[in-house]
There are 2 protein chains.
Amino acid sequence: MPTIRDVARRAGVGVATVSRVLNSSGYVSSATRARVLQAVEELGYVPNRLARGLRSKRTQTLGLVLTDITNPFWTTVARGVEDAASAKGFSVILCNTDESPEKEIAYVGLLLQKQVDGFLLVPARNTTESVEMVLARHVPLVVLDRRIPMTVDTVRCDSEGGAYALTRHLLDLGHRRIAVLGGPAQVSTTVDRVEGYRRALDEAGVPFDPRLVAYSAFTQESGEAMARQMLESQPRPTALFAVNNFIAMGALRALRRMRLAVPKECSLVGFDDLPLALVPDPFLTVAAQPAYDMGVLAGQRLIGRLEGTITDPQSDIVLPTELVVRRSSGPAPS
Amino acid sequence: MPTIRDVARRAGVGVATVSRVLNSSGYVSSATRARVLQAVEELGYVPNRLARGLRSKRTQTLGLVLTDITNPFWTTVARGVEDAASAKGFSVILCNTDESPEKEIAYVGLLLQKQVDGFLLVPARNTTESVEMVLARHVPLVVLDRRIPMTVDTVRCDSEGGAYALTRHLLDLGHRRIAVLGGPAQVSTTVDRVEGYRRALDEAGVPFDPRLVAYSAFTQESGEAMARQMLESQPRPTALFAVNNFIAMGALRALRRMRLAVPKECSLVGFDDLPLALVPDPFLTVAAQPAYDMGVLAGQRLIGRLEGTITDPQSDIVLPTELVVRRSSGPAPS
DNA sequence: CTGTTAGCGCCTTCAC
DNA sequence: GTGAAGGCGCTAACAG
């Protein structure tokens with residue numbers, strides 16, 4: 001494989017000149033530039049980014065550590081990050097933690113070894129270990145989607161407000177027994193959504209019943225299990241609030257299997273919309289999060305930090321959710 | 001940031017010894033090993049993979065170039081690749097081409113610069129330029145999902161057979177006017193699926209009508225547009241065959257909007273199943289592709305090449321599809 | 001405007 | 001079993 005020296009020799013110039021042409025840094029006469037470019041072409045030269053990064057201490061690469069690329073919410077976020085990154089000449093390495101703190105730490109370590117310039121991270125739990133690893137090495141970082149007990153740049157959505165709006169919507173429809181199908185209890189989005197639910201209840205003077213709140217994983221399977229369990233309890237809840245899209249799908253499945261009509265016999269609301277490409281005829285009432293924008297914003301903020309164009313103190317950016325009322329929610333059965 | 005020298009100094013050994021401990025290469029007394037490990041710990045040393053890669057010429061990284069991570073089919077493939085890779089200590093850099101040959105070439109170039117050890121590539125078109133770039137640099141490569149006119153390792157599914165099975169299924173139900181909603185005409189999966197469709201028609205003695213075949217993009221929007229156009233033609237087709245999942249969703253949307261009952265007034269079949277986590281109550285009759293297995297197999301094959309454990313000639317591995325009959329297909333209206 | 005030189009941090013002979 | 005030295009390919013001074 002030809003190196004920069006081969007190019008330099010062939011073009012009859014020094015290696016520094018080749019480097020300058022390739023990086024458009026410093027002055028190069030257009031005649032020399034042309035000769036260099038031609039040599040590059042003739043040799044099929046491909047610069048080695050490892051060497052470049054080793055020397056320049058910058059890799060133009062961002063690490064994106066999220067929980068599950070299988071979830072359309074996250075793919076949408078990832079596309080946002082990717083678009084923001086590539087607009088600024090950065091590439092993105094994506095890692096899935098599957099909500100496992102161990103995998104999270106392992107991937108952060110790996111990305112650190114790969115010398116990424118910055119991190120976008122979705123913490124699997126309400127812990128700070130991985131974030132501290134990053135900050136200890138002075139690598140800029142933006143936390144995505146979730147709060148952690150630390151002062152770091154964060155971009156997330158208003159879980160509390162979204163949950164409040166959904167619950168309020170159900171209360172307005174006359175529901176009084178509303179079950180919450182939660183994710184892991186240690187994740188801020190679950191906590192905040194339960195909190196918003198609770199605030200709406202309080203405001204409406206409906207007593208909070210802890211037996212109506214289940215905690216589990218952000219998966220279809222656990223959504224189905226939680227829904228089934230709730231629907232088998234007496235008195236049966238008249239509405240289900242799923243804290244994420246996969247849980248909602250599981251709940252819908254449970255309702256179908258139990259032959260309960262939605263929304264006639266039981267209403268269902270959820271978080272996160274599914275793209276039209278996947279659901280031709282959306283049915284679920286949801287609090288929709290601006291996933292793509294979240295990704296873009298987080299990416300831009302991180303790059304702003306890297307380039308020194310953003311120097312505010314660390315801040316917690318909270319994007320609004322939008323209540324989208326559809327056919328899965330209806331009046332409470334009397 | 002501490003380097004290997006700092007670790008060596010602190011442990012009172014040479015850098016070579018530290019390297020040996022870190023890579024478990026060569027003999028090191030367990031006492032020294034312990035001292036080294038302790039120094040690593042105390043300093044919070046993180047090896048620099050750029051330097052390692054520069055020196056060793058291997059990055060333990062694979063490039064995965066696919067078309068659209070927004071499509072569950074591809075996320076599933078990607079997870080398969082990732083699992084196969086991480087089982088062997090490789091990480092994966094994922095790039096989306098959005099079916100654009102230009103982006104494909106740009107990303108291949110970038111990954112080459114990043115010195116990935118191997119490529120998994122989904123060609124956006126029936127062209128060989130990007131593949132040739134890779135092979136010119138003697139980097140191993142596996143083509144995913146699609147044929148190209150070159151002898152390279154390929155892992156894909158039996159598009160022709162799947163399409164044949166779906167069409168046959170519709171013919172058995174009495175359909176005679178079956179429209180095909182295709183992707184780009186230059187992509188082998190589209191071509192092969194039209195081919196399978198045609199074979200089933202021929203076999204049943206149903207004349208092939210080119211006006212019943214539309215070509216477009218693998219998106220929900222074009223699926224909807226193609227379906228609408230087909231359904232407005234006279235005589236109206238009694239069944240629609242969408243060559244991928246997004247197109248099928250678009251078609252379903254068109255059918256709903258035109259208030260045509262499925263399958264009563266029009267049947268719909270497609271390619272690629274959607275995960276249960278996204279569709280609680282699957283409705284579509286499809287030829288399901290083993291997406292995850294495809295990813296795993298391709299990943300394993302690539303790594304086998306890298307490690308020299310696979311030395312067969314380049315081969316075209318074709319996985320079977322499975323016909324999953326559901327409620328979207330029914331008898332042709334009389 | 002351009003060339004020379006000194007490392008970036010690591011692995012890998014080669015000695016000892 | 002372990003250390004010293006060279007160099008992977010590149011960029012960033014520093015000269016000229």
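Mentor: With 18 C-beta neighbours inside 10 Å, Gln60(A) counts as partly exposed; a residue is buried with 20 or more other C-beta atoms within 10 Å of its own, exposed with 12 or fewer, and partly exposed in between, the C-beta atoms being placed from the backbone. The model is a predicted one, in which local features need pLDDT of at least 70 and side-chain atom pairs count only at pLDDT 80 or more, while totals for chains, interfaces and linings use all residues. Residues are numbered from 1 along each chain as its sequence is written, and chains are lettered from A and ligands numbered from 1 in the order in which they are written.

Gln60(A) has a positive phi of about 55° although it is not a glycine. Its place is the loop between α4 and β1 (61-66) of chain A; helices (H or I, at least four residues) and strands (E, at least two) are DSSP runs, numbered from the N terminus.

Chain A is divided into domain 1 (4-47), domain 2 (56-156 + 290-319) and domain 3 (159-289), with bounds that come from an automatic or database domain assignment. The centres of domains 2 and 3 of chain A, taken over C-alpha atoms, are separated by 28 Å. Between these two domains, 12 residues of domain 2 of chain A are in contact with 14 residues of domain 3 of chain A. On the domain 2 side, α5 (72-87) and α12 (291-307) of chain A each supply at least two residues. That side has 5 nonpolar, 2 polar and 5 charged residues. Here Ala, Val, Leu, Ile, Met, Phe, Trp, Tyr, Cys and Pro count as nonpolar, Asp, Glu, Lys and Arg as charged, and the others, Gly among them, as polar. Two residues are in contact if their C-beta atoms, placed from the backbone, lie within 7 Å.

Helix α12 of chain A contains Asp293(A). Asp293(A) is partly exposed, with 15 other C-beta atoms within 10 Å. Leaving aside residues up to four places away in sequence, Asp293(A) touches Gly80(A) and Leu319(A).

Helix α10 (residues 220-232) of chain A has 13 residues, and its first and last C-alpha atoms are 18 Å apart, close to the 18 Å expected at 1.5 Å a residue; the expected span is 1.5 Å times one less than the number of residues. Its buried residues include Gln220(A), Met226(A) and Met230(A). The buried residues of α10(A) pack against β6 (178-181), β7 (213-214), β8 (239-242) and α11 (245-257) of chain A. In the loop between α10 and β8 of chain A lies Pro235(A), joined to Gln234(A) by a cis peptide bond with omega about -10°.

Helix α11(A) is mostly covered, with 11 of its 13 residues buried; among them are Phe246(A), Met249(A) and Arg253(A). The buried residues of α11(A) pack against α5, β6, α10, β8 and β9 (267-271) of chain A. After α11(A) comes Arg259(A), with a positive phi near 55°. In the loop between α11 and β9 of chain A is Pro263(A), and a cis peptide bond with omega about 5° joins Val262(A) to Pro263(A).

The contact between the chains takes 40 residues from chain A and 40 residues from chain B. On the chain A side, α4, α5, β2 (91-96), α6 (101-113) and α11 each supply at least two residues. By class, this side has 21 nonpolar, 11 polar and 8 charged residues. The same surface serves both copies, for 100% of the contact residues of chain A recur in chain B.
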